[in-house]
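This report concerns charged side-chain pairs and the confidence of the model. Please view the structure below before reading on.

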Amino acid sequence: MSAGEPPLNAPEIRRLTPVLEPGHTYASVTDKIASIVLTRPVSLGWLAGFGLAFSLMMVLMISLAWLIIKGVGVWGINIPIGWGFAIVNFVWWIGIGHAGTLISAILYLLNQQWRTSINRFAEAMTLFAVACAGIFPLIHTGRPWMAYYMFPYPSTMGLWPQFRSPLIWDVFAVSTYGTVSLLFWFVGLVPDLATLRDRATTKPKQIIYGMLALGWRGSAHHWQRYQSAYLLLAGLATPLVLSVHSVISFDFSVSIVPGWHTTIFPPYFVAGAIYSGFAMVLTIAIPLRKAYDLQDFITMRHLENMAKVMLATGLIVAYGYFFEFFLAFYSGNKFDVFLATQRLHGPYAPYYYALILCNILTPQLLWFQKMRTNVAVLFVMSLVINTGMWLERFVIVVISLTRDFMPSAWGRYQPTFWDWSTFIGTLGLFVSLLFLFVRGLPAIAISEMRELVAHTSEDDA
Amino acid sequence: MDGMSEDGHLHDDNHDEAHADDLTTQAYPLDLAAVRRKLQDKSGKQYWRTLEELAEDPHFEDLLHREFPRQASEWDESVDRRDFLKLMGASLALAGMAGCGRPDVEKIVPYVKQPDGMVLGKPLFFATVMPFGADALGLLVESHEGRPTKIEGNPDHPSSMGSTDVFAQAAVLNLYDPDRAQTVTNLGEIQSWSSFLQAAQGFAAGAKATNGAGFRLLTGTITSPTLIKQIQDLLKLYPQAKWHQWEPAGSDGAREGAKLAFGRYLNTVYAPGKADVVLSLDSDLFGAGPGHIRYTKEFTRRRKLTGPDSTMNRLYVVEPTPSVTGATADHRLPLRASEVGIFARALAAKLGLGGNASAPAGSEKWLEAVAKDLQQHRGASLVVAGEQQPAEVHALAHAINAALGNTGATVYQTEPVEGNPVNHLDSIRELCGDMDAGKVDLLLMLGGNPIYDAPHDLDFKSKLKKVRNAIRVSPYFDETSEYCQWHVAESHFLESWSDARAFDGTASIVQPLIAPLYRTHSAHDVVAAFSDKQGVSGYDVVRNYWSSAPGHSMASVDQGWKKWLNDGLIEGTKFAPVSAAPKFSAASLAPVQATPAGQIEFIFRPDPAVFDGRFANNGWLQELPKPVTKLTWDNAALVSPKTAEKLGLTQHVASRGGEHGQILSNVIDVWLSGSKVTAAAWILPGQAEDTVVLPLGYGRKRAGYTGTNKGFDAYAVRVSSALWTATGGEIKKTGANYPLACTQYHFNMEGRQILSSASLEEYRKNPNFANEGAEAPAPGLSLYKGEAEFPYHGNKWAMAIDLNHCNGCSACVVACQSENNIPVVGKDQVMRGREMHWIRVDRYYANTPSATSGTGPGDTTKYDVSLDNPDTFFQPVPCQQCENAPCEQVCPVAATVHSAEGLNDMVYNRCIGTRYCSNNCPYKVRRFNFLRFQDWETPQLKLMRNPEVTVRSRGVMEKCTYCVQRITAGRIEAEKQNRPIKDGEIVTACEAACPSEAIVFGNANDPNSRVSKLRAQQRNYSILAELNARPRTTYLAAVRNLNPELEKA
Amino acid sequence: MAQIFHRSTNFISRVSLFGTLLLAGLGLVGVLALARSPYLTNQRVVRSQPIQFSHKHHVGDDGIDCRYCHTGVETSAYAGIPPTKTCMNCHSVLFANAGYLDPVRDSFRTDQSIEWVKVHRLADYVYFNHSIHVNKGVGCSSCHGQINQMPLVFQASPLNMEWCLDCHRNKEMNIRPRTEIFNMDWKAPANQAEMGKQLAAEYNLRSTTELTNCSTCHR
Amino acid sequence: MIHHRSHTYGVMGEFAEPEAVVSAAKQARAAGYRFVSAYSPFPVEGLSEALGLRRTNVPLLTFVGGLMGGLTGFGFQYWSAAISYPMNIGGRPLNSWPAFIPVTFELTILGASLFAVFGMLALNKLPQPHHPVFGVARFVHASTDRFFLCIESRDPKFHLAETARFLQSLHAEHVTEVQDD
């Protein structure tokens, strides 16, 4: 957070924008959140939105079918640009998938109360983003049906995966991340599922939620072990979330391709991930609180804090960009120097400048509280930053490959229709899942909100 | 290599009608033989009726299928099914091309009677020759279970000396080309051979009546003694008949030049190996033309550097457009075609041969130096005139060589190799005249394609229409065939018996390796059909000729035959030199003017890939990046950067594919000699100013699936008055752009340690120049201290490529494609940067300034003088087989790993296609099957494949393996005999093909191996050594032997 | 409120939770086992042939040497299936008009090949060479089993990569003197270990590293 | 412990505020009750201390899980690369341990997390969809806004009437018997 502003827990700020609007009781928060799932009728808006998202998801299915029928040649990739949109999208989605766990885990460890009302759907978003990301490493291979070679199983060939390859690290990192995020999310859900079970009015709902709640009854014994496990998970997820994008960055930094082979990648990839992650959380939170009038729970305070996180991580990313150049020229490696100049003058320069505009210049507005507290600005900015982060991956993956060591093999890359349709398709998948989630599960952690009520009431007392 | 014992066995038999008949009859109750008999005595229309009569028959459909060549089932019929099973069963089933999953029941189909000498799984090699123009290339053809699969050079043959060129390498694809004409047709309808024979007899009788007055014969250049004899006998039979010849890319200049100089047609043979100084007057001595492979070998052997103290010959080239010869030159001077003649006159004058011509502007100094150099090397110098140059330039060359005392030393004359040498232009002109006058009622055309390639103004097509009966023998049903009553599908030279003479007169027997795949026949059969010895087999014709040939007898043939086939040549047939002093003085030449400066000069050149158009349907050649331009699938009008600037022509890189893929070029209308052709312009550094090259051989209208409508047809503006050089044309920009598939547009090394070169002096001063400027990390400089874990004890395979030898001819590329079952991907995929060649030949211009915008000459914003005449270098790049292979480390499934002999193994069936290895390959030598590029359907192509190499399918990475199949074969043989592998025992496909002996493969652990010796040289360096990938493929820096008196412009 | 779930669901839910995990594991094991089972390797599957040719009779009883028919085995990658001519060498005289030899005579007369059913089908993409194995002390029976006791030939070994590697890694235990190559009844002697070592040295067998290189079998 | 089989599971009282249930728990303990359990819609500070619960051993399980994951992770990589099928990969040593770290790390986290979650579930004897307390009508509020204290019948000091009265003395509302059907 920037200088000149009082610290978060200073009373006046609290009065300005509390984490939870006053006047709420255990019952009221529970009613409000549970009702979205249990009693609220399906709205036209929801149907329209879901319909659109679903049809985009179908576009994804068609694209994948065509891809399997014809081969990865339907994309724009070639020699030398062996990786194109598929990997760009993969890294982008994984990056977005970082906010959720980060919010739940790190902010939990830092005991930041404002995390409470956003962690649930942030985690959900993480899972969906990872699901989208997970598609790409599989389908970008030439023979997806052979992808099981990447898993260590006792084959009749007596062969094992090649553990020196960052791609194998990816397999483990992404699957671990997916699993742990899922566990974390589910553990958090259990008490709320119990709530839904108890408040459900129809037998089917009772049974479904009852099954999922595993018979949770909120006994002190449960809570004790529960909290211990939850804390441990948070402690485990924190290094994990940092490691995952580091591993992703190894895909590049471990190679020898100029523009990839640089030590700055792990930290700046992680920062970038958090950056895009929070941007995506905002992109979702702002419409969500509007649609289900949750302004009381997701207050301006949350939005502002997220804006501050974006500003901070955005600056780290900017530092990363700068340092890429610094390293190139400081090392004097002629290939790196050449690539650096390529970014500024080469045929793809416009992409690079667009990236600077989106990721470095625009976010500087966030220095001003006016901007941080202006919902519309925040929403637009979150979209801009998401675009910017996508461009960053494009610049790293594609531009570096277009002109590496042998001038005779230099080439260029142009995405095809199928590149785009696959990308847009995953957006459809992501949004569809979000829509289903909002309707089916409590978008905000009820039990934690009750805790918050307890705390705030103490404070008021 | 001893396989001729079954010559009669392999071929000849099992291809007569009766055979095919009895197959169909046993398959179907319907008596097809009877039907055929019925059909044969009917002409076209009734033919149909007869079929309709048959239509009630239940098997009519099948019959129809078998009778029409365009039908699906036709192929099985034309090679009869049993042959097919024999061929496929034994080898294909074992070649591991089947799919995966639960293995289903398969059949093994053994021979009934196995040919002697054949061992399943062991290839046999047969010696034969490939007739080509006025030359014949000696070959050893590899045959798997009776399928010719790979072509190598015959070391014992004078014209090949063990090497080949792109055409020879690609010939095997022509053999299996599914688009080949497959049977005899009359007015487009299938006819049997016997019905053709009957027709021929009819024509013959008619011709006899008139003593053959209306009988004309049109052939290309023929060097087959047997065929020549057959034709001469034919002409005796029909005294009034005439034999015309037309070779579109042949050299009347050379013929008439000899006449001019010596008073008669003579054949000129060079010995570059004996020359210290060579001057080429627009001659692509090493790129094309008779003997070019031998000349390349002899020449480059004189450039072998073993150390700073070794000596080199020197090559001067004067040429209008860059050729591989020009690229090899120590000094190259771009002059317009017309100025080359002037230059020759000036040189003659300077050497005191009379005349007072002065050198073309700007070349005086050059001329000075060259003349001096030549004089200093009297008797050890050589002047060669280009095939496309007019007679007087050749005459001058003869005179100069004589004056320099080179005749007999570095050059000599022999009797013509071709039968009945004539001036082709006059010959075809006369023929057209006769046809126009209606004097021709029977025209027999052996090969060629005059409607496509005869001079435009002669309008061969309309005149051919006036011929009552035109009979065509040709491997393809092409533009000309459409206007011929009869078309006889011609057999491939690997399918039929014949003979041919090489550039120096050496004669060889052409022996077939496989029974004709289709119902094809050789020119011998057809000529015989019109003679009094109809129906005699090619085998007998050839044997008969030789038993009656001068110096031979029945007996000598009988006992010599096996040896001839075995050696691939008939000893003692080489022509003796004839002592001919040029009785010609330069002074006698009428003075000429060069085309005035500023006026565009159009010149025609045969295309380096499809030649005069005969290879247009060959995918390997179409996709072969042309040596200098690196264009594929198209020809383009070549212009110099300066001229381009003047005409406002540009080209730019399309973002799809980019520099190594798709280039958008301006389209121009070329108005020349009254007709127009629309072409894409290509800006070519090193081209003479105000010169536009129109490459021949493209724009075919009917070439087949691969070759039709590719590029533009330069013949459309080529007229008899200006066969090679035309002026007075004009160029109009259409404003349109045309996408060209160019595999390497960026020509600049960006100051990187990629291709090292120096002048001889520099090299002597600093022998280690190649390794300076690149700091190669010391061994063991690694995070891991584990490198010692992999010492390479046994064999340590390595390849050394001497850039001082490579002239970019690209034979290695096609050889590799043929050896390793590499698919053809087509223009669109090449434009996307997805071509599959395992070895590529990079072309760099050394003295050009850095163009980091990454673009080629086309859009250098400012015209750059160094592009007028850049130093051109070629660098073949196969997989570098790095010891610290970056590709291996990043493969998630260990599909590419290192072998104990240092090979970078690529395991296709383990590869899942992440393409990470390719990204991480600094040399970008890996190729990926982005789509299903391999043709799995066409049965002919299956026959062509090398059973020793996995056929890759979609989604798999592939790359050069140093021909691991050859290594394995060699190792197994050696191990069976419990001995180490001898140096040179294992030869990679590229090495075997290379005419300039630039590529050397061997065991780096054997200090005496050729490769070790090369690696020991100081010139030896590895590309981008600072990356510490430790390539096993290393390069020896190029050295140019500069004339101190000519410091480079 | 009333109980939603009956007491039994406690047990059911736990069982189902851990049961699914267990089943998934078992499923994997099953697949791996199947891949090695004769169902997929075709091991010990007896194929009936157009002519019920008995190796037991020809090799076991008549004692005809393998190489009489499989001529390529010492020189070529393929041992080779004998051409009909080879059969006729004897059967033009012996059993010259036995009915069950009609296919042979037909083939010889009509010049139509006999279509045998393939028994040993090596995995795709493997380039196996008979001659080098035979020359380096690997006997026929090592891979093909005791052909001389097979009326109809079946595939004796799994022929999968594990199996190949096993031999390439323990070559000493799997080679025999060159004189014993075609001895179908050869059994490894007690001192196989040291005999194998001697032979390996004598025959210059390549190191295990070299023998397990990918390019040893794959190209 | 002996499984006490009876038709009464225990007696349950309801409280409106967390503080109330905490103090009630304290007093129950003070009164000598040992088998006391409390139910709340969210973790109430001090409640487990009030009930005198022992420290949970979820952390121990987690540690074990992490250890196993890490060891198997590295061990397997080493075995497969150096022992099972040693290959020369780009000249890197067979035991390229730095390259094996990422997977080892990930597997450590995975093992620990799985053990933490499933350990917690196991210790809590979940899943357990059926439980006597669900039989209590007002227990639905346990997951919303009410706090419950239950003294179980297996408590040696348990006596249905006594205990009920005791609970009422703690100002518990709706004191009810919990049937164990």
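In this predicted model, a salt bridge joins the side chains of A:Glu304 and A:Lys308, with an N to O distance of 4.0 Å. A salt bridge is here a side-chain nitrogen of Lys or Arg within 4 Å of a carboxyl oxygen of Asp or Glu. Both residues belong to helix H11 (residues 300-331) of chain A, where they are 4 residues apart, about one turn of the helix. Helices (H or I, at least four residues) and strands (E, at least two) are DSSP runs, numbered from the N terminus. A:Glu304 and A:Lys308 are both buried. Buried stands for under 20% relative accessible area, exposed for over 50%, and partly exposed for values in between (1.4 Å probe, protein chains only).

In chain B, a salt bridge connects B:Arg605 and B:Asp282, whose closest N and O atoms are 2.7 Å apart. This pair links distant parts of the chain, 323 residues apart: B:Arg605 lies in strand S20 (residues 601-605) of chain B, and B:Asp282 lies in the loop between strand S10 (277-281) and helix H12 (292-301) of chain B. B:Arg605 counts as buried because its relative accessibility is 10%. B:Asp282 has a relative accessibility of 5% and therefore counts as buried.

In chain C, the side chains of C:Glu74 and C:Arg67 form a salt bridge at 3.2 Å, N to O. C:Glu74 is partly exposed because its relative accessibility is 33%, and C:Arg67, with a relative accessible area of 32%, is likewise partly exposed. Elsewhere, salt bridges with shared partners join B:Arg216, B:Lys242, B:Glu430, B:Asp434 and B:Lys439 into one network. Over all chains, the structure holds 89 salt bridges.

| Salt bridge | N to O distance |
|---|---|
| A:Glu304 and A:Lys308 | 4.0 Å |
| B:Arg605 and B:Asp282 | 2.7 Å |
| C:Glu74 and C:Arg67 | 3.2 Å |

Confidence is expressed as pLDDT, the predictor's confidence in each residue, from 0 to 100. Chain D has a mean pLDDT of 91, and 96% of its residues reach 70 or more. Among the elements of chain D, helix H3 (residues 58-84) of chain D has the highest mean pLDDT (96) and strand S4 (residues 173-179) of chain D the lowest (90). Over residues 1-5 of chain D the pLDDT is below 50. Where pLDDT is low, the predicted coordinates should not be read in detail. The model scores ipTM 0.92 and pTM 0.90.

Residues are numbered from 1 along each chain as its sequence is written, while chains are lettered from A and ligands numbered from 1 in the order in which they are written. Local features need pLDDT of at least 70 and side-chain atom pairs count only at pLDDT 80 or more, whereas totals for chains, interfaces and linings use all residues; side-chain values use heavy atoms, with hydrogens and water left out.

How values were computed: Contact means heavy atoms within 4.5 Å.
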